[in-house]
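I am opening a notebook on this structure. The entries below follow the order in which I looked things up.

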Amino acid sequence: MEDSQNMRTGIFCSCGQRIYEKDVVQRGYYLRRVGSNFVYLRYRCPRCKRLGEQFIRQEKWDERLLRGEANELTPSEKERVEKLGPITVDEMIDFHEYLEQDPSLRLMPDK
């Protein structure tokens, strides 16, 4: 089992093609009693059509690797976001009420 060599930027097929979430055909966890756990990905490359597999250490796994978002935040932006902490229930309620007040922000039309 080997970590992806391109963990910081994304997951790549052996042909060099970037792998995205839509290319993943199976995802699972390889749990071990001793040592690191792994996230298992099986994908079909959109370019060469080969099936590929990748084992990634669970502590290095990030969903954004499959979405192309792995490096979007600068270190200062990342630090600022981490200082904000998790979103609270009160913040979600406030945001919901804000969206309800402005009809132009609604995703779904009223029935």
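**Entry 1, the strands.** I began with S4 and S5, which pair in the antiparallel sense over seven bridges. Strands here are DSSP runs of E with at least two residues, helices are runs of H or I with at least four, and both are numbered from the N terminus. Two strands count as paired if DSSP finds at least two bridges between them. The model is predicted, so I note that local features need pLDDT of at least 70 and side-chain atom pairs count only at pLDDT 80 or more, while totals for chains, interfaces and linings use all residues. Residues are numbered from 1 along each chain as its sequence is written, and side-chain values use heavy atoms, with hydrogens and water left out.

I looked up what lies across from Val39 and found Ile56 in S5. S4 and S5 make a hairpin with six residues between them, and Lys49 in the turn has a positive phi of about 70°. On S3, I counted six bridges to strand S4 (residues 38-44), again antiparallel. Gly28 has Tyr40 of S4 as its bridge partner.

**Entry 2, the sheet.** The three strands form an open antiparallel sheet in the order S3-S4-S5. S3 and S5 are the edge strands, each pairing on one side only. Neighbouring strands are turned by 15° against each other on average, direction ignored; the axes are lines fitted to C-alpha atoms, for helices over the stretch in contact, with angles from 0 to 180 degrees between N-to-C directions.

In a regular strand the side chains alternate between the two faces of the sheet. In S5, I listed Gly52, Gln54 and Ile56 on the covered face, and Leu51, Glu53, Phe55 and Arg57 on the uncovered one.

Which residues make up the largest nonpolar core? I found twelve: Ile11, Cys13, Ile19, Val24, Val39, Leu41, Tyr43, Cys45, Ile56, Trp61, Leu65 and Leu66. S4 gives the most to this core, with three residues. A nonpolar core is a set of buried Ala, Val, Leu, Ile, Met, Phe, Trp, Tyr and Cys residues joined through side-chain atoms within 4.5 Å. Buried means under 20% relative accessible area, exposed over 50%, and partly exposed in between (1.4 Å probe, protein chains only).

I then checked Ile19, leaving aside its neighbours within four places in sequence: among its contacts are Phe12, Tyr43, Pro46 and Leu65. Contact means heavy atoms within 4.5 Å.

Cys45 is buried at 0% relative accessibility, whereas Cys48 is partly exposed at 25%.

**Entry 5, the aromatic rings.** I found five aromatic pairs. Rings of Phe, Tyr and Trp (its six-membered ring) pair if their centres lie within 6.5 Å; planes under 30 degrees apart count as stacked, over 60 as edge-to-face and the rest as tilted. Tyr30 and Phe55 are edge-to-face, because their centres are 6.0 Å apart and their planes stand at 75°. This pair links distant parts of the chain, with Tyr30 in S3 (residues 24-30) and Phe55 in S5 (residues 51-57), 25 residues apart. Tyr30 is partly exposed at 36%, and Phe55 is partly exposed at 21%. Tyr30, Phe38, Tyr40 and Phe55 form one aromatic cluster.

Helix H1 (residues 75-84) lies largely in the open, because zero of its ten residues are buried. Just after H1, Gly85 takes a positive phi of about 75°.
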